[in-house]
Amino acid sequence: MEKYTLVVNGKKHQIETESDMPLLWVLRDILSMKGTKFGCGQALCGSCTVLLDDEAIRSCAYPISEVGDQSITTIEGLSKDGNHPLQKAWVDHVVPQCGYCQTGQIMNAAALLKRNSNPSESEIESAMAGNICRCGTYNRIKEAIITASKSY
Amino acid sequence: MMPKFPFLKTKDPENKSKVFVPSRRDFLKLSSLATGGFILGVNFQCSGPKGELITFAPNVFITIDSDNLVTIIAHRSEMGTGIRTSLPMIVADELGADWSKVKIVQAEGDEEKYGDQNTDGSYSVRMFYEPMRKAGATARHMLITAAAAKWGIAASECHTEDAQVVSSGGKKIKFGDLVEQLKTMEMPDPETVTLKDFSSYKLIGKDVAIYDAHDMAKGEAKFGADIDLPGMQIAVIRRCPVVGGKVKSFNDEKALAVPGVNRVVKIEGAGIPPGLDKPLEGVAVIADNTWAAMKGRDVLEIEWDLGENQNYSSAKQLEEMLKSTSGNGQVRRERGNFNTAQQASGQIIERTYVAPFYAHATMEPPAAIAHVHGDGTCEIWAPTQHPQWARQAVAQALEMDYQNVKMNITLLGGGFGRKSKPDFVVEAALLSKAAKAPVRVQWTREDDLHHDFYHAQSAQRIRAVLDKNGNLSGWNHHTVFPAIGATANSAEIHPSDGELGLGCIDFPYEVPNIRIETHESKAHTRIGWLRSVSNIHHSFAINCMLDEIAEAKGVDPVDFVFNLLAEDKDLDFAGELKGDFGNYGEPLDKFPWNTRRLRGVIEKVAQEANWKKALTDGKSVGFAVHKSFLTYVACIVQVEKGSNGQIIIPEVHYAVDCGIGVNTDRIRSQFEGGAQFATSLVMTSAITFENGRVQQNNFDGYQVIRMPQSPKKIHVHIVDSMEKPTGVGEPPVPPFIPALCNAIYKLTGERIYQLPFKS
């Protein structure tokens, strides 16, 4: 067991765990933050996406020992009261069907808008290619990102 | 598709619903909702899976509290269709509630309280549209009567809106202020209560956003694995890689040495047949957290007795299946005499079609939480499509009365039929009992793909006979695939009547000689049902074949199919079927198989997609039409080549006739998603077996489409209809598959006879 200090959504947490535990399970099992989802465990589907500083990472395949002093943002910390432009656009376009992958989609889109506040459709497509939605909400996701980018 | 279900009761031929005021004591007994307000319950009847009428206990409760809060219980499982919104909104609209303030509470799984909760077969809206309206209308009627009495005016001078009764003279009173009066009132006969005129609905027939959208966007929506219980342990299971195999011996020393691992428990499987509601044989590692359980599982040492499926190869079986279709099979439908037609033929076109096993791959892998208490009771939290089956299966596994099992339903992170089966819920219950603690069973993606209840691989052969005048005079369709029934009964080696009723036996076209035959194939894995079930492969074969026949005749495929329906009529297939035609559980007089409606969607899609112009412009467009789950759907898909030569799908048009469109936004979303789902079936996904084992491990092997490959613009044209509403969860999938294949043929010149097609 190792000791780690994590900054999650601006708040410090002292954690004692195995060094190879992926960040996903630290968030879900230890910190009881359930907004970040488990989908594949191999960084193949994007359901577990969180931000490490401003970069989107797949927390299911990212060991806690690699986090260091980078700050973590999860869906719970993306905004106060769910009023991030992406979250508002997600509701306006009624993007979710089952909703399971959507927090990962939103976090991945948040990273995209941080580095490109006005992405084209094809830039959105390639940036979001790592996030699977089995319900098939891709077009609404795309529209919501475009809407959000206008008020970003 | 539904399994036989012990709770289904048959009685009373009158197909009537009943709305009632339950006694307070009964209500509290029935519901975990504490309220001082007014309560209305509804029970009603509808058709069961075999067309029988079923009477249900109260399915829905409306409560109105003195603080004006209207609460509606959602008794169906939410897996992405929006049903948790679309049924309560029907009640709210009739009632005149303020939709923005209505609270929706998810029902627990309980047949006595809520009746049928099996969320499957695209039938929730079909079954519950009328009863939900009557419930809302009854409550509205009572509120109006109470307010009119208070004001000393006629009830006809009052209406409801925004959770108030409003008089024509401008008086207003909140629902909540009438609660005490309602409690003492007699309930009117719900059969005589007048429903609102359709044109006055504010929600029904409109775009209504889903209730959970905000929670989902904020990460607050609760799915199966999101419930935390104090002292909860996490279990990850190594299941036998071959269905039917058994644990010969295992060594848990290394697993127990992993920090955080607490115990290792063997789970007994059913063997062969594996069963639809039983766990597979395996060894579970139970730990303080998921990661420790996964690591513990990795180092388990298990010696398996792999059993009779250990040499199973799906490719080899597919070859045998395909070969069998050239012989004589079991005739399941016969019209005229196909042999005579064949002898008098001008041309025979014979083609074969094969499709693979598919996995559901719901984004949320199966997970369930169980807490077996020392006092002989148990509480479950599970993302299940079929709460009562899960409850029954858990009770059976724990040798407990089902009434001692409390079944809480979370949101489902996708269902598609996978989460009808309660095997994973039973695992949680067994392991909680063994661990004497609350346990969450967590499936990994590998578990999900290796141990699914798969959509069966299929082989089909269609012989089409054109007579000397070039008319389609004979249709001989051979279909073979391991049956769902074989998962519970190994003796089932032919597709069932139910499976043939999914888009094969009800071939609706005016062909004088038809013969439909099935062949034998055994199941060597667990077969289940996947979004639209056998319609997937049947629609693929039939519609690709029709396209090819049209080409052979040198006619437009849309015109060809339209004209092949001949005159408008209701089909009954009388005298032609060797078995039953299920009609998705509905009697044909109530839900006729109507060729006019099929023609209607063909006309509409051709017009909306500007089909003729697309053809003359040289666009690669494909067409198909298919009725499933009582909903009529036609589809036109356009494809083109991308910059790297890959196939892209710029545009899709759907025309859908699902009767009254209840929540039009969710109808569109189901079609948008259905097109994406079907694209994966055509382009990327397949499960294969070698040595009895699934060869795909994760989303690298079992691929599903991602945003860059997904259809870009999906137009959904809903036919304006006042027919009874029918479901839309599954019907988008079947016609899309062949429409895409036919479009790809236009683009590449190559016909697709085998799915998936990899460009």
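Two strands count as paired if DSSP finds at least two bridges between them. Keep that in mind, everyone, as we look at this predicted model.

Let's start with strand 24 of chain B. Strand 16 of chain B, residues 330-335, pairs with strand 24 in the antiparallel sense, over 5 bridges. If you'd like to find that pairing on screen, look for Val331(B), whose bridge partner in strand 24 is Glu517(B). Strand 24 also pairs with strand 23 of chain B, residues 472-480, this time in the parallel sense and over 6 bridges. There, Trp475(B) stands opposite Ile514(B) of strand 24.

Now over to a pair of helices. Helix 2 of chain B, residues 83-95, packs with helix 4 of chain B, residues 124-151, at an angle of about 30 degrees, and their axes are 6 Å apart. Angles under 35 degrees count as roughly parallel, and these two helices are therefore roughly parallel to each other. Helix 2 passes helix 4 in a right-handed crossing. The contact includes Leu87(B) and Ile90(B) from helix 2, and Phe128(B) and Met132(B) from helix 4. Its residues divide into 13 nonpolar, 3 polar and 4 charged.

Conventions:
Residues numbered from 1 in each chain as written. Chains lettered and ligands numbered in written order. Predicted model: local features only at pLDDT ≥ 70, side-chain atom pairs only at ≥ 80, totals over all residues. Axes fitted to C-alpha atoms, helices over the stretch in contact; angles between N-to-C directions. Helix = DSSP H or I, 4+ residues; strand = E, 2+ residues; numbered from the N terminus. Parallel < 35°, antiparallel > 145°, perpendicular 65-115°, else oblique. Left-handed = near helix turned anticlockwise from the far one by under 90°. Contact = placed C-beta atoms within 7 Å. Nonpolar A, V, L, I, M, F, W, Y, C, P; charged D, E, K, R; others polar.
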